Amino acid sequence: MTKNNRVNQVIINGLIAALYIVLAVVPGIFSMASGAIQFRLSEGLNHLVLFNKKYIWGVSLGVILFNLFYSSPLDVLFGGSQTIIGLLIVIFVSPRFKEMWQKMLLNIVVFSFTMFLIAIMLNMTANLPFWPTYGTTALSEFVIMTITAPLMLVLDRAIHFDKRMH
């Protein structure tokens, strides 16, 4: 890998992290970006790793920075861990699927399932009951990831995510 490619990857991942934060604080959505119901439009960026695994850095950094500035220190740990674990699972399992829609479905299921980490954190910090909180966080993650999947496919046709990250 050349120095220019590395610099390019750092810049693109920095932009992805910034985009994650901007999308998470969009007016009207920000009020639901934390807590037992989380509709973060920025969670759709989790689909980027399906196009190229090198996007893991930008997406993870975006989650961590958002949680650092807009949530709690424990959310940095739990939310960052949930994202990194989910992305790593998807990176390692998705090559077993042929079709992009199958990979996106895998991503949606993995991220909805791993919301148990967020439910644990909310149980610890806000004293919310685990199972109902897990249900609402998993459902909200499922909805936002499902809504953003076709959008990411359309954007990929125009942007070609894989070719951006060499």
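**Notebook: cores and helix contacts**

A nonpolar core is a set of buried Ala, Val, Leu, Ile, Met, Phe, Trp, Tyr and Cys residues joined through side-chain atoms within 4.5 Å; buried means under 20% relative accessible area, exposed over 50%, and partly exposed in between, with a 1.4 Å probe and protein chains only. Helices are DSSP runs of H or I with at least four residues, and strands are runs of E with at least two, numbered from the N terminus.

The model is predicted, with pLDDT of at least 70 needed for local features and 80 or more for side-chain atom pairs, while totals for chains, interfaces and linings use all residues. Residues are numbered from 1 along each chain as its sequence is written, and side-chain values use heavy atoms, without hydrogens and water.

I then looked up L48: beyond its neighbours within four places in sequence, L48 is in contact (heavy atoms within 4.5 Å) with I16, Y55, V59, M152 and F161.

Next I examined α4 and α6, whose axes come within 8 Å and cross at roughly 155°. Axes are lines fitted to C-alpha atoms, for helices over the stretch in contact, and angles run from 0 to 180 degrees between N-to-C directions. The two helices, α4 and α6, are therefore roughly antiparallel; angles under 35 degrees count as roughly parallel, over 145 as roughly antiparallel, 65 to 115 as roughly perpendicular and the rest as oblique. On the α4 side I noted M100, M104, N107, I108, F111, S112 and F113 in the contact. The residues of this contact of α4 with α6 comprise 12 nonpolar, three polar and one charged. Ala, Val, Leu, Ile, Met, Phe, Trp, Tyr, Cys and Pro count as nonpolar, Asp, Glu, Lys and Arg as charged, and the others, Gly among them, as polar.

Last, I turned to α5 (residues 116-126), whose axis comes within 8 Å of that of α6 (residues 130-159) and crosses it at roughly 135°. This makes α5 oblique to α6. F116, I118, A119, I120, L122 and N123 of α5 meet F130, T133, Y134 and T137 of α6. I found L117, I118, A119, M121 and L122 buried in α5, with α3 (73-93) and α6 among what covers them.
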